[in-house]
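This briefing goes through selected features of the structure shown below. Please keep the sequence and the 3D view at hand while reading.

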Amino acid sequence: MTALALRSRTVVVLTILIFAVCGANAPSEPRRRFEYKLSFKGPLLVQRDGSIPFWTHGGHSIASDDSIRITPSLKSKKGYVWSNERNTHPFWEVDMVFRVSGRGRVGADGLALWYTAQKGVEGPVFGSNDKWEGLAVFFDSFDNDNQHNNPYVMVMVNDGTQSYSHETDGSHQQLGGCLRDFRNKPFPVRVRVQYYKKTLTVWYHSGMSDNVDHYELCMRAESVTLPAEGYFGVSAATGGLADDHDVHSFLTHSLREPDTVIQGTGPGTVLPEEDLKKYEAEFDEYGHKLDKAREEYQKEHPEAKHHGEQDENVYESQDIRELNLIYAGQNAIHETMNELNKKMNNLISRNDRIVTQIEARGVPVQGGGGTGGAVGIHEIEEVLSYQKQLTQSLTDMRAVLDHVSSRIVQSGATGQGGDNKLNDAILGHVTSIQNDLRTLANKPGSANCPQSSCVTTFYLFLFMSAQVAAGVVYVMYKNHKEAAAKKFY
Amino acid sequence: MVASLLNVLLLGWVCVVTSHDDHHHGSVDIDLDAEPVNALRNSEFIRNADHISEHLKDQIKFDPNKATPQELDFHFFKSHDFNSDNWLDGLELYFALDHVYLATGDSIQTDGRVSEGERHSSLQRLKQHIADTVDKILEDDDLNNDGYLSYYEFVESRNQRQDIDV
């Protein structure tokens, strides 16, 4: 009865555990929505009047179709671009694609990505104002404190009171960061900043390849409080040394928990599978048709520029070509390493899975509040050592048995003659005892019988009759006495 | 009301497309105070052969008369997917509409009868109107609410077009 109750409780506990695990996995992937009013991107970035939709740029920044040059590579320039719309989403993720390039081995000053309660104004901190309220991610090119730790990616959260320390490159004020050289890369550098449930995470893409998946973790901090509503912005500054600071795109996604009710949807959120396939097929068909038509047009009009091809590709120099080849080689190596790493991780996880399976099978689950399921490695080791001890003692016993049997065989072989002697002696004794018995039987009533015990038949009968007479007299006397006692009453 | 407004828009737009390079076109006014409508559900807006031809110029030999309506839909989608990721996001829709309302923008900017300040505010209202239209499109057609229109969602919108009186 109790065992049954315990078992059912175990099942309940396990079920809850399973649900808890599933529930814990799901929120790790938030739902994303592209917020176009908090984003800009090439290849179509500016409107015909030179403005960026939903953004305002100023200072020495120059906006073009492909990118915004926050500062040109000229001395002592400052530039900025700020979103017009205020972000009201509690959780968000920003992907910024940018390039910092300059002719010098060292560049300056750097670029900053902002999320602040108020729009920034031109100022001393990477082209924007000091004592900001909110988040700043600095791409600090120049080594002001001479610690040989630049270019550096630094994250700093300010409550509006701190003043950025230029002398120390803010090294005591930072929330986190990573040492990365983001200048003069073959491809644009990317940074991803995510703020989700008070956790701030920054990923960095080195710009060594155009594969957008090659992000690596730069820093992560928990319990970070940022303004609930604020503005996104990018600013940059140059000093005595100067770099071009170009931002190609700034893409903002709002994040929400997967189970949040979707607001503002269209007719329905369920997409019928067969329609989806049909339209995909239609899209592919027209896509192939378009590609074919493009090729044909290219053949007929060889002078026409190939769609999507950049002008500078025509003038690619020998050096650039070699450099690109080297980068391509390095990327291939990098990718192979990544692939190997992935496979290795796969193997490790598979191994872990097998181990847990073996553990789960090795020890039967006992109804005890769900504790029977988990088997530690030390318990297995204990069992193994017991087994070893058992085998050891079995071997010992076998050795002892062998010894004993060998001794028996030995003694059997050597002690054969001794036994014969013993038998002869016993035989002799037995024969003498037989002889004695025989002599005894031949001499009945000899000196062995004592004289007093030999009564004759006459005396025997005499004694017997005397005893009977005495008995009769006694009974008669007793009857007489009892009769006298009765009379008395 | 809506239909007449759209007709005005389309007239102006066709005008722009045909005389795109020289910018000498008649003044077209958009009623900026009107409610934004879902432009994707307007077949004439999407399947405008001249507009598509304009985009495909220098790319392929395109005969709009031979193209099926579905093909025009495809080319509208593909032409405004500027980063070729097979999604139309809000910014791409914004620039698609901005292109279409080019005439209005130009007429506002070259209007000599009003002051610089008034021209600026009219331009701001036009931009706001475009943004509101994009919001309306996303609200209607972005079925999974991810901020992107897939080709599926785009074509689903095409199937909803009969809802709108054009």
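This is a predicted model: local features need pLDDT of at least 70, side-chain atom pairs count only at pLDDT 80 or more; totals for chains, interfaces and linings use all residues.

**Helix α8 of chain B**

- The buried positions are B:Y151, B:Y152, B:E153, B:F154, B:V155, B:E156, B:S157 and B:R158.
- From chain A, α2 (273-300) packs against these buried residues.
- From chain B, the packing partners are α2 (43-46), α4 (69-80), β1 (88-89), α7 (116-141) and β2 (148-149).

**Helix pair α2(A) and α4(B)**

- The axes of α2(A) and α4(B) are 10 Å apart, and the two helices pack at an angle of about 75°.
- Angles from 65 to 115 degrees count as roughly perpendicular, so α2(A) is roughly perpendicular to α4(B).
- On the α2(A) side, the residues that meet α4(B) are A:E282, A:F283, A:Y286, A:G287, A:K289 and A:L290.
- On the α4(B) side, they are B:Q70, B:E71, B:F74, B:H75, B:F77 and B:K78.
- By residue type, the contact of α2(A) with α4(B) divides into 5 nonpolar, 3 polar and 4 charged.

**Salt bridges**

- The count over all chains is 17 salt bridges.
- One of them joins the side chains of B:D135 and A:K37, with an N to O distance of 2.6 Å.
- This pair crosses between chains: B:D135 is in helix α7 of chain B, and A:K37 is in the loop between β1 (31-34) and β2 (40-41) of chain A.
- B:D135 is partly exposed at a relative accessible area of 29%, while A:K37 counts as buried at 16% relative accessibility.
- Another salt bridge joins A:K197 and A:E257 (3.6 Å, N to O).
- These two residues are 60 residues apart and link distant parts of the chain.
- A:K197 is in the loop between β13 (189-196) and β14 (199-205) of chain A, and A:E257 is in the loop between β17 (244-256) and α2 of chain A.
- A:K197 counts as partly exposed at 35% relative accessibility, and A:E257 counts as partly exposed at 29%.
- Within chain B, the side chains of B:E116 and B:R119 meet in a salt bridge of 3.0 Å, N to O.
- Both B:E116 and B:R119 lie in helix α7 of chain B, 3 residues apart, which is about one turn of the helix.
- An α-helix has 3.6 residues a turn, so residues three or four places apart point the same way.
- B:E116 is exposed, with a relative accessible area of 56%.
- B:R119 counts as buried at 19% relative accessibility, because the cut-off for buried is under 20%.
- Salt bridges with shared partners also join A:R32, A:E93, A:D95 and A:R192 into one network.

**Loop residue B:N144**

- B:N144 sits in the loop between α7 and β2 of chain B.
- At 23% relative accessibility, B:N144 counts as partly exposed.
- Apart from neighbours within four places in sequence, B:N144 is in contact with A:R31 and B:E153.
- B:E153 is one of the buried residues of α8(B).

**Annotation from the record**

- An unreviewed UniProt entry lists residues 458-477 of chain A as "transmembrane region".
- In the model, residues 458-477 of chain A are 100% helix and 0% strand.
- The end C-alpha atoms of this stretch are 29 Å apart.

Terms used: Residues are numbered from 1 along each chain as its sequence is written. Chains are lettered from A and ligands numbered from 1 in the order in which they are written. Side-chain values use heavy atoms; hydrogens and water are left out. Buried means under 20% relative accessible area, exposed over 50%, partly exposed in between (1.4 Å probe, protein chains only). Helices (H or I, at least four residues) and strands (E, at least two) are DSSP runs, numbered from the N terminus. Contact means heavy atoms within 4.5 Å. UniProt positions are given in the numbering used here, feature names are shortened, and annotations may be inferred rather than shown by experiment. A salt bridge is a side-chain nitrogen of Lys or Arg within 4 Å of a carboxyl oxygen of Asp or Glu. Axes are lines fitted to C-alpha atoms, for helices over the stretch in contact, and angles run from 0 to 180 degrees between N-to-C directions. Angles under 35 degrees count as roughly parallel, over 145 as roughly antiparallel, 65 to 115 as roughly perpendicular and the rest as oblique. Ala, Val, Leu, Ile, Met, Phe, Trp, Tyr, Cys and Pro count as nonpolar, Asp, Glu, Lys and Arg as charged, and the others, Gly among them, as polar.
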